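Please look over the structure below before reading my points.

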Amino acid sequence: MINKKIEKALNEQVEKEGYSSSLYLAMASWAETKGMAGVAQWLYVQSDEERMHMLKFIKYINERGGKAIVPAFKQPGKENASVKKMFEDVLKHEQFISSSINEIVALCTTEKDYTTLNWIQWFVNEQVEEETNATQILDKLNLLGEKNLYMFDRDIMSLRGKAAAGTADAT
Ligand code: FEO
C-alpha cells in the first residue's frame with residue numbers, strides 16, 4: 001500500500017502527464033492547420049502516448065490502495081511562434097517531466113517505498129528516450145534549416161513510425 005505522500009506525488013504526475021497529452025494535442029492541431037502532416041502525426045501519436053502514461057499512473061495508484069484523481073487540465077497555448085520554437089518547447093517540457101519523475105524517485109527512497117521505486121524505473125528510462133527524441137528532431141531541424149520545412153515534415157513522418165514502435169508497450 002502506498003502512503004499519502006507517495007499518493008500525492010503520483011497524483012500530481014497524473015496531472016502532468018494529462019497536461020502533456022493536451023499540450024501535444026494542441027501542437028498537433030496547430031501543425032495540421034499549417035499543412036505539416038508529418039509533424040502533426042508525430043505530435044498526435046505523442047499525445048496518445050502521454051495519455052497512456054497518465055493511465056499507467058492512475059492504474060498504479062488504484063492498484064496500490066490509493067485513490068487516483070483525474071484533475072482539470074490547464075489549457076495549452078493555441079499558437080507557436082515557429083516549428084523550431086515548438087520543438088524547443090517540447091524538449092523543455094520533457095526535461096521538466098524528467099525532473100518531476102526524478103523527484104518521485106527521490107521521494108520513494110526517503111519514504112522507503114521500494115515497490116514504487118521499482119515501478120517508476122520504466123518512466124526513468126522512458127524519459128531518456130523522450131528527451132533523446134526531441135533533441136534528435138531539433139538536430140534535424142537545425143541541419144535542414146527552417147527554410148526546408150517540407151523536407152523536415154517528410155522526414156519526421158518516417159521517424160514517427162520508429163518512435164511509435166519503440167514505445168508500443170506504453171499501456
Ligand atoms: Fe510522459 Fe513525455 O512524458
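My notes cover the cores, one threonine and the salt bridges.

1. This is a predicted model: local features need pLDDT of at least 70, side-chain atom pairs count only at pLDDT 80 or more, and totals for chains, interfaces and linings use all residues. Numbering starts from 1 along each chain as its sequence is written, and side-chain values use heavy atoms, without hydrogens or water.

2. The largest nonpolar core has 24 residues. Such a core is a set of buried Ala, Val, Leu, Ile, Met, Phe, Trp, Tyr and Cys residues joined through side-chain atoms within 4.5 Å. Buried means under 20% relative accessible area, exposed over 50%, partly exposed in between (1.4 Å probe, protein chains only). Val39, Leu43, Phe87, Phe152 and Ile156 touch the most other members. Helix 1 (4-33) is one of the elements giving two or more residues; helix 1 gives the most, seven. Helices are DSSP runs (H or I, at least four residues), numbered from the N terminus.

3. Thr116 sits in helix 4 (residues 114-119). Thr116 counts as buried, at 0% relative accessibility. Its side chain makes a polar contact with that of Tyr60, at 2.8 Å. That term means a pair of N or O atoms within 3.5 Å; within protein, one must be able to donate a hydrogen and the other to accept it, and residues adjacent in sequence count only if both atoms are side-chain atoms.

4. There are six salt bridges (a side-chain nitrogen of Lys or Arg within 4 Å of a carboxyl oxygen of Asp or Glu). One joins Glu111 and Lys5, with closest N and O atoms 3.4 Å apart. Glu111 lies in the loop between helix 3 and helix 4 and Lys5 in helix 1, so this pair ties together parts 106 residues apart in sequence.
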